[in-house]
Amino acid sequence: MGYAESLGSYWRGRYKLAPGKYATVRDADGDAIRFRTKAAAKKAADAEEAKLLAGTKKAPRERITFGAYVNRWYAAQDLAASTMQNYRRHIEEHLLPAFEDSAVADILSTDIAAWEKHERAVPYAASSVKTWRATLHLILADAVDEGLRDSNPATKRRGRGKRAGRSRNRGPEKAVTTALGILLLAERMALLSGRDDEFVAGIVKGYTGMRWGEIVGLEPEFVRPKSIRVEWQLYELDTGELHRCPPKDDSYRDIDTPDFLASLLASHIARTRSKPCECHGLAYVFRGHGTANGSVSRSGAKLVDVARRCGVSTGTVSNVLNRPDAVAELTRLKVLKAISDLGYIRNAASGELAAHWRRSGFATWLFRPAATGRYPGRGSQEERPVPVVAEPWPGIPARGRGASKRAEVCWVPIAPGLTPHGLRHTHKTLMREVGTPPKLMDERMGHEDGSVQSRYDHITPRMRQALMTALTGMWEEALDARRTMSLGSPVAALDALLKAR
């Protein structure tokens with residue numbers, strides 16, 4: 001039964017909602033009613049409780065703003081640091097400016113439609129707006145579960161609010177390349193970085209379909225004679241910290257590797273002998289390169305560029321600079337000419353190795369120029385071709401001041417629009433090309449098919465071997481095609497492979 005509560009100069013009616021929880025009698029505007037007598041307050045409270053018990057009245061909802069609810073929502077989540085980072089960015093940059101002061105119960109579907117229209121007009125990419133709306137839908141779904149509102153206004157009715165005809169928000173088809181494209185891209189990345197590591201990493205990504213974080217987070221102990229074990233990834237947070245965490249969607253897996261790839265990785269690990277990084281205290285298969293983030297604007301030619309230009313070792317170039325009498329005259333003259341052609345400056349800072357690659361730096365200064373043959377525009381600098389010295393083929397990038405004047409040619413595009421993630425699409429496309437069973441493709445890509453049909457599919461050793469044979473065939477065809485372009489390569493790892501053919 002209800003009861004009357006004295007508040008000095010007036011009484012208010014209180015009635016039971018649930019064990020230990022009481023509500024106050026309110027008017028149509030939601031304000032508490034002040035009764036002059038105890039009896040009036042008690043009578044009104046009894047009437048409200050009777051309505052509640054009879055089912056003709058719903059329990060009043062908690063009135064809370066979206067901003068206050070989000071703070072409470074954050075505290076209830078137990079998610080990976082990378083996921084929480086993304087949620088915070090969506091909420092703080094795009095949802096709170098529009099809904100922070102609105103009561104959760106008062107947000108309407110029309111309010112959300114107006115916000116979405118505004119975001120698209122900024123303009124933000126349609127895919128980004130769709131992601132932010134999904135985050136809003138998730139939050140409001142939890143609010144529905146807590147009884148703060150009856151329905152989720154962020155649920156979009158299919159076909160509602162769209163113009164008739166072809167969708168205006170379709171993005172371009174994801175760019176992919178071929179087995180030869182993978183090889184040429186990897187070679188160019190190695191030429192841009194001045195070392196062979198990017199060549200090996202490019203081949204690994206193209207022939208395994210591993211995610212970017214899985215490549216960066218690959219530790220030597222998980223490289224096996226016949227496979228790569230995906231156990232961890234490194235996820236780059238907004239703070240710059242590389243967070244070591246399980247692979248996306250807990251997609252732990254063993255990726256079978258063809259013999260050529262296992263050999264390439266084993267040679268790379270033996271050659272580099274990576275040391276533990278300071279951030280995690282662990283050794284990784286691939287290290288970053290400091291110049292990847294600024295090689296275009298500040299780095300000059302490297303010692304390795306001179307060596308590649310001449311077809312000699314870096315030790316020979318060092319001897320020309322430090323002990324010229326120990327080098328044959330013709331070789332010495334060849335090295336000195338290469339130094340002049342490339343504009344190499346002795347002892348000039350050319351960047352140092354970093355513990356890990358950075359996603360943006362790698363994509364901007366290594367991958368994109370390799371794929372398109374052009375450096376991207378940044379700040380006051382416009383997009384421009386990668387200037388290269390023609391010999392040896394496919395050319396050594398000219399760096400530093402006056403690079404364009406020293407250049408003899410520039411690279412042509414290999415795969416315009418291709419991104420590092422596009423190599424993952426490429427790998428799946430190559431598997432489809434050779435008729436790989438869907439179950440095996442999903443296993444390699446770290447995808448999960450929850451269908452009943454998939455539960456009755458199984459992978460046999462013969463299926464695995466057929467894929468390894470097909471990938472090896474593609475690799476050998478790509479090497480042969482590359483060899484018809486030039487018998488050798490300035491990239492030592494590739495040069496050895498070409499000569500072995």
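**Reading the model**

Analyst: The secondary structure of the protein comes to 20 helices and 14 strands, where helices (H or I, at least four residues) and strands (E, at least two) are DSSP runs numbered from the N terminus. This is a predicted model, in which local features need pLDDT of at least 70 and side-chain atom pairs count only at pLDDT 80 or more, while totals for chains, interfaces and linings use all residues. Residues are numbered from 1 along each chain as its sequence is written, and side-chain values use heavy atoms, with hydrogens and water left out.

User: What radius of gyration does the protein have, and what would a compact globule of 501 residues have?

Analyst: The radius of gyration is taken over C-alpha atoms, and the globule rule is 2.2 Å times the number of residues to the power 0.38. A compact globule of 501 residues would come near 23 Å, but the protein has 32 Å. Along the principal axes, its C-alpha atoms fill a box of roughly 115 × 55 × 50 Å.

User: Which domains does the assignment give?

Analyst: Domain bounds come from an automatic or database domain assignment. Here it gives domain 1 (3–55), domain 2 (66–146), domain 3 (179–292 + 353–359 + 417–500) and domain 4 (303–342). The C-alpha centres of domain 1 and domain 2 lie 36 Å apart.

User: Which residues does the UniProt annotation "domain: Core-binding (CB)" cover?

Analyst: UniProt positions are given in the numbering used here, feature names are shortened, and annotations may be inferred rather than shown by experiment. According to the unreviewed UniProt entry, this annotation covers residues 64–144. Over residues 64–144 the chain is 77% helix and 0% strand, with its end C-alpha atoms 13 Å apart.

User: In what order do the 3 strands of the open sheet lie?

Analyst: Strands of a sheet pair through backbone hydrogen bonds, either parallel or antiparallel. Two strands count as paired if DSSP finds at least two bridges between them. The order in this open sheet is β1-β2-β3, and the pairing is antiparallel. β1 (3–6) and β3 (21–24) are the edge strands, each pairing on one side only. From one strand to the next, the twist averages 45°. Helix α1 (residues 38–54) packs on the sheet, touching β1 and β2, and its direction makes about 25° with that of β2. Contact means heavy atoms within 4.5 Å; axes are lines fitted to C-alpha atoms, for helices over the stretch in contact, and angles run from 0 to 180 degrees between N-to-C directions.

User: How many residues lie between the strands of the β1 and β2 hairpin?

Analyst: There are 4 residues between β1 and β2, and G8 in the turn has a positive phi of about 85°. These two strands pair over 4 bridges, and E5 stands opposite R12 in β2. The hairpin of β2 and β3 has 2 residues between its strands, with G20 in the turn at a positive phi of about 80°. Strand β2 (residues 11–18) pairs with β3 over 4 bridges; R14 has T24 as its bridge partner in β3, and A18 has K21.

User: Finally, is L430 buried or exposed?

Analyst: L430, placed in helix α16 (residues 422–433), is buried, with a relative accessible area of 4%. Not counting residues up to four places away in sequence, L430 touches A179, I182 and M474.

How values were computed: Buried < 20%, exposed > 50% of the residue type's maximum accessible area, 1.4 Å probe, protein only.
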